[in-house]
Amino acid sequence: MKKRNTQQELVDFLIANPCKSEKELVHELWSAKFRGKKHADLLRRAYFGGKIKRVRMKIKSIDKRLVYRYYVPGIVSGWN
């Protein structure tokens, strides 16, 4: 039987490990080497459901992309 990924599993992980990027979440939580549609959908559902929030951060790189860091509201002080 396959293990199902849940929003509560994601929230529990972010409580213990706040401020992770999407890539770090997928790699550390589900041991996946790449982000798939099911991981992106789960993250999106938790975000729009209000269980998690995100903050946009700029990283130093050549392409000047913006990276979102995810956290659970009320857990990280000053980020509400």
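A definition to begin. A charge sits over a ring if NZ of Lys or CZ of Arg is within 6 Å of the ring centre and within 35 degrees of the ring normal. Keep that in mind. And note that this is a predicted model.

Now apply the rule. Which residue lies over the face of Tyr 47? Arg 54 does, at 4.5 Å from the ring centre. Arg 54 also lies over the face of Tyr 68. There, the distance to the ring centre is 4.0 Å.

Stay with Tyr 47. The chain has 1 aromatic pair. Tyr 47 and Phe 48 form that pair, with ring centres 5.2 Å apart. Their planes meet at 65°, and edge-to-face needs over 60, so edge-to-face it is. How exposed are the two partners? Tyr 47 has a relative accessible area of 27%, so this residue is partly exposed. Phe 48 comes out at 65%, so this one counts as exposed.

Next, the backbone. Look at Cys 19. Its phi is near 60°, a positive value in a residue other than glycine. Where is Cys 19? It sits in the loop between helix H1 (7–16) and strand E1 (20–21). Its relative accessibility is 23%, so Cys 19 is partly exposed.

Last, the whole chain. We have 3 helices and 3 strands. The order from the N terminus is α-β-α-α-β-β. Of the 80 residues, 30% are buried. Now contacts between residues at least 6 apart in sequence: 40% of them join residues at least 24 apart.

That's it from me.

Definitions and conventions:
Residues numbered from 1 in each chain as written. Predicted model: local features only at pLDDT ≥ 70, side-chain atom pairs only at ≥ 80, totals over all residues. Heavy atoms only, no water. Helix = DSSP H or I, 4+ residues; strand = E, 2+ residues; numbered from the N terminus. Buried < 20%, exposed > 50% of the residue type's maximum accessible area, 1.4 Å probe, protein only. Phe/Tyr/Trp six-rings, centres within 6.5 Å; stacked < 30°, edge-to-face > 60°. Contact = heavy atoms within 4.5 Å.
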